[in-house]
Amino acid sequence: MNTSVLEASSTGTSALEAARLMLARDIRLALRKRGQLVQPLAFFAIVTTLFPLGISPELSRLRDVAPGVLWVAALLSSLLALEFLFRDDAQDGTLEQHVLSGQSLTWLLFAKTVAHWLLTGLPLAVMAPLAALSLGVPAAALSGIVVSVAIGSVALSLIGSIGAALTLGVKRSGALLSLLTLPLSMPVLIFGARATDLAIKGAGFAPPLYLLGALAVLGITLAPLAAAAAVRISLE
Amino acid sequence: MAWTWFHRLGSPPYIYGLAARLTPWFAWLSAALLIGGLYGGLVLAPPDYQQGDDFRIMYVHVPTAWMSLMVYTTMAVAAAVGLIWRIKISHAVAASCAPIGASFTFVALVTGSLWGYRMWGTYWEWDPRLTSELILLFLYLGYMGLRSAMDDMQRADRASAVLAVVGVVNVPIIHYSVLWWNSLHQGPSVMQLAKPTMPPSMLIPLLVMLLGFTTLFAALLLVRLRAEILNRERTASWIREAVTQ
């Protein structure tokens, strides 16, 4: 099922073409296991349900904590989704084949992370407004929430790819992965929650969104390099 | 020929001996500076006109907070050197740095919290500096957690080195994002350590304490480095000679 990527090495395919093949392969494989894709989304919905039960059913109070609730839930569910990023490929040896394929591992991992974002981050952004509505957020703020979660989850996927690559060889890596990833994700949480907060209050939320975008761009630039180095080390 | 001293720095037996010889120097220098600095800070320096004697915890809090960042930077530089040039001894330095840095960070957090209790009336305030210190502690814990999760020393070295480098890129981002986060929520912090008007009688003990803690770090690092080298080279023949000496 991954022959296309492997063949790409022998036929002198360009790095971009290999990355495109990888993206298509990862999405095709993931769509065969739809149940797995739904899990992080269900987790997101459950976590946002826990807060009204834990705090208060009053919408006015929930509205105040809504940005934090939404972003903490998004952070946790993106952490949960990192399990799917490399695990299957590492277990059946496909990842080693990618390392040996002669293609740029940086590009291949970037493509994998993009696929991961399309399959987990983007659905999260689409689902965030539903959760937001249940927390008493006015409908006018929803577009801002979609945009901020969409951009923020790019950064989260990329930061997470480094942590997932570093913990590839570690058994029962869940707790360690969160210890590595969450401190690095805190700026995303801060700017994302701030943008959401401003959107709820009806103010201009562009400044924190720009900062979120800057984090995403920085992640796109550097994270695949670090992840490639980490995968090489983990598979040594 | 001029580079032989540099190549020797990569040799574990040489570094082991060098660390053994340098440790007492740094340890005694550090003891003298810390005693002198504490005397200057706790006895000679006048009470602050606003904070009274409470400000004196600064003589431990500020140096440890400063060290927590310096040790992280040292660790990341050593890790990067080890990663790029594959020098084993740099990885040993980075591994030795982490527990020391985490301890400094912890002391900075505790003293900051105690100081905060006297200043703000609560043991914990989400002050930007304290918050970044806390995140820094998590970064140290993550680094040590990753090391301890891997059985193979070389893999642990290189994986944790990648993490240290990623972390050092993130430390300024985390610091400024926390700073902006906090300034958006509440007014500027009560504590203003960087008062340019601090009189010399208060400032000089602080600088002496900074030097004292830096040399303390050097002494602790050398001791830990020797232990780390012993652990890594335990099958090497020179160890028997070095230990039985």
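**A bent helix and its context**

Modeller: In chain A, H10(A) bends by about 40 degrees at A:Leu222, and a proline, A:Pro224, follows within four residues. The model is a predicted one. Helix H10 of chain A covers residues 206–235, which makes 30 residues; at 1.5 Å a residue these should span 44 Å, and the end C-alpha atoms lie 42 Å apart, so the two values agree.

The buried residues of H3(A) are A:Pro40, A:Phe44, A:Thr48 and A:Phe51. An α-helix has 3.6 residues a turn, so positions three or four places apart point the same way. The cover over the buried residues of H3(A) includes helix H4 (59–81) and helix H7 (105–134) of chain A.

Chain B can be described at the level of the whole chain. It holds eight helices and zero strands, and from the N terminus its elements run α-α-α-α-α-α-α-α. The C-alpha trace of chain B spans about 60 × 40 × 30 Å along its principal axes. Of the 245 residues in chain B, 41% count as buried. Among the contacts in chain B with a separation of 6 or more, 78% are between residues 24 or more positions apart.

Definitions and conventions: Residues numbered from 1 in each chain as written. Chains lettered and ligands numbered in written order. Predicted model: local features only at pLDDT ≥ 70, side-chain atom pairs only at ≥ 80, totals over all residues. Helix = DSSP H or I, 4+ residues; strand = E, 2+ residues; numbered from the N terminus. Buried ≥ 20, exposed ≤ 12 C-beta atoms within 10 Å, placed from the backbone. Contact = placed C-beta atoms within 7 Å. Expected span 1.5 Å × (residues − 1). Bend = angle between axes of the 7 residues up to and from the residue.
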